Amino acid sequence: FPSVYTRLSGFEDWIKTRVCDADNIIEDFEPAYCDGYVPPEPETGGGEVGGGFFCFSGIDTVEVENVGTVEMKSLNIGDSILVAPNKYEPVYSFGHRSDVLETEFLTVVASNGAKLEITKDHLVFVDKDVSVPASDLKHGMQLLHSGELASIKSVKTVVRKGLYAPFTPSGKLVVNGFEVSSFVAINGSATVKLFGMELHYQTVSSLFESPRRLVCHVFGKCTEETYNEDGMSTWHSVALKSYQWLLDQNMVTFHVGFTFAFLVVGLVSAFELFVTSTVALPLIMCVSLILARKYTSAKKTN
C-alpha cells in the first residue's frame, strides 16, 4: 500500500531524525531501520515548482534502440529509448538539460545492487501504475526494476555536474533498469485536488504535455529547443511558472483556471490522438478520395 506508506512517512521522519542522528546513537549502535536513512531537508521558502529541478544525473543510463546502453548526458532528441519491457519510444524533448549545472541528487540503491541518481521531486514507480516523489523513498520500500519489484537498500545524496530530463510520448522511461516517470511532483505532492478529486500528476502532466508533444513528436519542431539559465526548456519553464501562479491563487480562481486549461488541452490531446492514430492516415485518404470523386462527378455533370 504505497499511498498509506507515503502518508505515514512524515511521522516516520519525525522519529528517525531523533533516533538515527549520529549524536543520538549510543556506543556506535545503530538500529537496522537507520541503514541508509537520510534526514529530510528542512523546508525553505520560495516556491519554485518541484524545487526547481526534475531530472537525472549524467551517469544514469538508458537503453537506446539498436545502439545499447547510453549515458544520459549523451542522449539526444530523436533517440528511441526503452520505456517498458520490449517497448521503445522517441525522446521528443528535454524538460531539463545542462552539462554544467551542479545539482543534488538522491542516490537510490536497491538490494540487487542497481543504483539510480534522481532529483527529489521526480516521480518513480513503486508499482505498475503508482508513482511517488523520489523524496518519499525509504529503506525497505520497493521499486519496479527490470519488470520486477526490488527492495531499496539505501537512499543517500550526491552532488554532480549536469542534469537531464528526457520526455517520451508515454511520459515513462527506464533508467538504469528502474521504471520512472518523465514528470515531477509539485510542491512535494504527487497529486492535486480538483473538486474533491485527487488527480495524479503523472496523468495531469501527460495531458498538459499534449501541445508540446504535438509540436515536437508529430511535427518534429523541437530539435533546436532552448534552455534557460537553470537548464529548463523555455516551454516547460513558462508552463510550470504559469501553473505555480495558478496554485498560489484562491480556491475559486484555481478551480476555474485549471478547469478551463484542462478543457483546452483535452481538445488538443484528442487531436493528437487522432493524428497519431494508425487509422488516421487511411481515414484521411479515404475522405479525400470520396471528396475528389464527388468533385469530379459534379464537374462532369456541369
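This is a predicted model: local features need pLDDT of at least 70, side-chain atom pairs count only at pLDDT 80 or more; totals for chains, interfaces and linings use all residues.

User: Why is helix H2 called mostly covered?

Analyst: H2 spans residues 201-208, and six of its eight residues are buried. They are Tyr201, Gln202, Val204, Ser205, Ser206 and Leu207. Buried means under 20% relative accessible area, so each of these falls below that cut-off.

User: Which residues make the contact between H2 and H5?

Analyst: From H2 come Val204, Leu207 and Phe208. From H5 come Phe258, Ala261, Phe262, Val265, Gly266 and Ser269. By class, the contact of H2 with H5 has seven nonpolar residues, two polar and no charged. The axes of H2 and H5 come within 8 Å and cross at roughly 60°.

User: How is the packing of two helices described?

Analyst: Two numbers are used: the angle between the axes and the distance between the axes.

User: What are those values for H4 and H5?

Analyst: The axes of H4 (residues 234-247) and H5 come within 8 Å, with a crossing angle of roughly 145°. H4 contributes Tyr243, Leu246 and Leu247 to the contact. H5 contributes Thr253, Phe254, Gly257 and Phe258. Five of the residues in this contact are nonpolar, two are polar and none is charged.

User: Why is the pair Glu272 and Arg213 called a salt bridge?

Analyst: The closest N and O atoms of Glu272 and Arg213 are 2.7 Å apart. The cut-off is 4 Å, so the pair qualifies. Both residues are buried.

User: What does the bridge between Glu272 and Arg213 tie together?

Analyst: Glu272 lies in helix H5 (residues 251-276), and Arg213 lies in helix H3 (residues 210-218). The bridge therefore links parts that are 59 residues apart in sequence.

User: How many salt bridges are there in the whole structure?

Analyst: The search finds six. Among them is Glu71 with Lys73, whose closest N and O atoms are 3.4 Å apart. Another is Lys120 with Asp121, also with 3.4 Å between the closest N and O atoms.

User: Are Lys120 and Asp121 buried or partly exposed?

Analyst: Lys120 has a relative accessible area of 43%. That lies between 20% and 50%, so Lys120 is partly exposed. Asp121 has 3%, which is under 20%, so Asp121 is buried.

User: And what makes Glu71 and Lys73 partly exposed?

Analyst: Glu71 has 31% relative accessibility. Lys73 has 41%. Both values lie between 20% and 50%, so both residues count as partly exposed.

User: How do you know that Arg212 is buried?

Analyst: Arg212 lies in helix H3. Its relative accessible area is 11%, under the 20% cut-off, so Arg212 is buried. Arg212 and His236 are 24 residues apart in sequence, with their C-alpha atoms 9.0 Å apart in space.

User: Which residues form a nonpolar patch on the surface?

Analyst: Phe219, Phe271 and Phe274 form it, with about 300 Å² of accessible area together. Phe271 is found in helix H5.

User: Which residues have a positive phi although they are not glycine?

Analyst: Asn187 is one of them, with a phi of about 55°. Asn187 sits in the loop between strand S12 (178-184) and strand S13 (191-194). Phe195 is another, at about 50°. Phe195 sits in the loop between S13 and strand S14 (197-200).

User: Why is Phe195 called exposed, while Asn187 is called partly exposed?

Analyst: The cut-off for exposed is over 50%. Phe195 has 57% relative accessibility, so it is exposed. Asn187 has 48%, which lies between 20% and 50%, so it is partly exposed.

Terms used: Residues are numbered from 1 along each chain as its sequence is written. Side-chain values use heavy atoms; hydrogens and water are left out. Buried means under 20% relative accessible area, exposed over 50%, partly exposed in between (1.4 Å probe, protein chains only). Helices (H or I, at least four residues) and strands (E, at least two) are DSSP runs, numbered from the N terminus. A salt bridge is a side-chain nitrogen of Lys or Arg within 4 Å of a carboxyl oxygen of Asp or Glu. Patches are made of residues with over 30% relative accessible area and no salt bridge: like charges are joined within 9 Å, nonpolar side chains (Val, Leu, Ile, Met, Phe, Trp, Tyr) within 5 Å. Accessible areas come from the Shrake-Rupley method with a 1.4 Å probe; for residues, only the protein chains shown count as cover. Axes are lines fitted to C-alpha atoms, for helices over the stretch in contact, and angles run from 0 to 180 degrees between N-to-C directions. Contact means heavy atoms within 4.5 Å. Ala, Val, Leu, Ile, Met, Phe, Trp, Tyr, Cys and Pro count as nonpolar, Asp, Glu, Lys and Arg as charged, and the others, Gly among them, as polar.
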